Amino acid sequence: MLRRQARLRREYLFRKAVEGKHKTLQDKKERIKRSLQEHIPIHGDLKKDALELQEKLKWTDEGPKRAAEISGESGGANTVDSKDDEYRYAGCEDPKIMITTSRDPSSRLKQFVKELRLIFPNAQRMNRGNFETKQLVHACRANNVTDFIIVHEHRGVPDNLIICHLPYGPTASFNMSGVVMRHDIPDIGPMSEQKPHLVFHNFKTKLAERTMSILRYLFPVPKEDSKRVITFANHDDFISFRHHTYRMVDRELELTEVGPRFQLKLYQIKLGTLDELDAADTEWVYRPYMNTAAKRRFLSDEDGWQQEDEPEG
């Protein structure tokens, strides 16, 4: 089993390396093509290989569709990209989710995890005990778990949510705030176990699409007659989670909140699993101490994804 996991991991890293080479080559060909079309001088770092790249443009380039597939910029169903490699077949099978907590959880955190388990169809809750993260991840891989979720707390208040997609990642980390549990909401409705419809509001950037994929594929494909709705609404990079059921009363739509409520704020995406975070590449990280951090919105404007290319230090 360990040799198989190592081999699969090497194959995954090799695909990533090949995609990087293809993307670099495609970027050079696009720059040459733009220079020829707009009649502008070719950049100095491309002059040495300009003739060879021009020949590849003429005979081997397969057009914008192939370019988008290699660079992962199209976002469509035909995109082949290592970042979305694990979600390529999402929807064919229902996800299998394991939820646990930090060590020695409080009674309030245990209650919240029980409610969180009911949100995700086909989810199971596990007591953390003295197990290490590496042991838990290996056990989840061996049992075909698709997503491993850990909830942390501070003085009895849930404050951190980590979603690790298996077997290779990504691992997304969210700060959690404004948690209101089901038993704290007056006149709460019964918890439905139907597969929910999902609503995503104000997710506009590439980072937002990436975040939306991580959250979306925690849920199976719902049936058309499902009366359960889960909403992820982005406002100033805070993702508000709301859970409702609905019904028609006298030809009017009536919403009933089911709970719980909370807000999520993304602060990191790693291209790896929880047991290898120190060695994994950082796809994106939030840096609140930069001069422009207070003005930037990473999920609702076109400047948010640029931070992934900045050095970690």
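Reader: Before anything else, what does accessible area stand for here?
Author: Accessible areas come from the Shrake-Rupley method with a 1.4 Å probe. This is a predicted model, and the protein in it exposes about 18200 Å².

Reader: What does the secondary structure come to?
Author: The protein has six helices and eleven strands.

Reader: What share of the contacts joins residues 24 or more positions apart?
Author: Taking contacts with a separation of 6 or more, residues 24 or more positions apart account for 64%.

Reader: Which residues of α4 are buried?
Author: Leu 109, Phe 112, Val 113, Glu 115, Leu 116 and Ile 119 are buried in α4. Seen down the helix axis, the buried residues of α4 fall within an arc of 165°, so they line one face of the helix.

Reader: Why does Phe 112 count as buried?
Author: Phe 112 counts as buried because its relative accessible area is 0%, and buried means under 20%.

Reader: What does Phe 112 touch?
Author: Not counting residues up to four places away in sequence, Phe 112 touches Val 151, Pro 158, Met 176, Val 179, Met 181, Pro 260 and Phe 262. Phe 112 and Val 157 are 45 residues apart in sequence, and their C-alpha atoms are 9.4 Å apart in space.

Reader: Changing topic, how many disulfides are there?
Author: The structure holds zero disulfides. Cys 164, for one, is in no disulfide, and the nearest cysteine sulfur, that of Cys 140, is 8.4 Å away.

Reader: Are Cys 164 and Cys 92 buried or exposed?
Author: Cys 164 is buried, with a relative accessible area of 0%, whereas Cys 92 is exposed at 64%.

Reader: Which residues is Thr 273 in contact with?
Author: Leaving aside neighbours within four places in sequence, Thr 273 is in contact with Cys 164 and several others, including Arg 141, His 165 and Tyr 168. The side chains of Thr 273 and Arg 141 are joined by a polar contact of 3.1 Å.

Reader: Where is Thr 273 found?
Author: Thr 273 is in the loop between β10 (261-271) and β11 (281-285). Thr 273 is also buried, at 0% relative accessibility.

Definitions and conventions. Residues numbered from 1 in each chain as written. Predicted model: local features only at pLDDT ≥ 70, side-chain atom pairs only at ≥ 80, totals over all residues. Heavy atoms only, no water. Disulfide = S-S within 2.5 Å. Buried < 20%, exposed > 50% of the residue type's maximum accessible area, 1.4 Å probe, protein only. Helix = DSSP H or I, 4+ residues; strand = E, 2+ residues; numbered from the N terminus. Contact = heavy atoms within 4.5 Å. Polar contact = N/O pair within 3.5 Å; in protein donor to acceptor, adjacent residues only side chain to side chain. Arc of directions from axis to C-beta.
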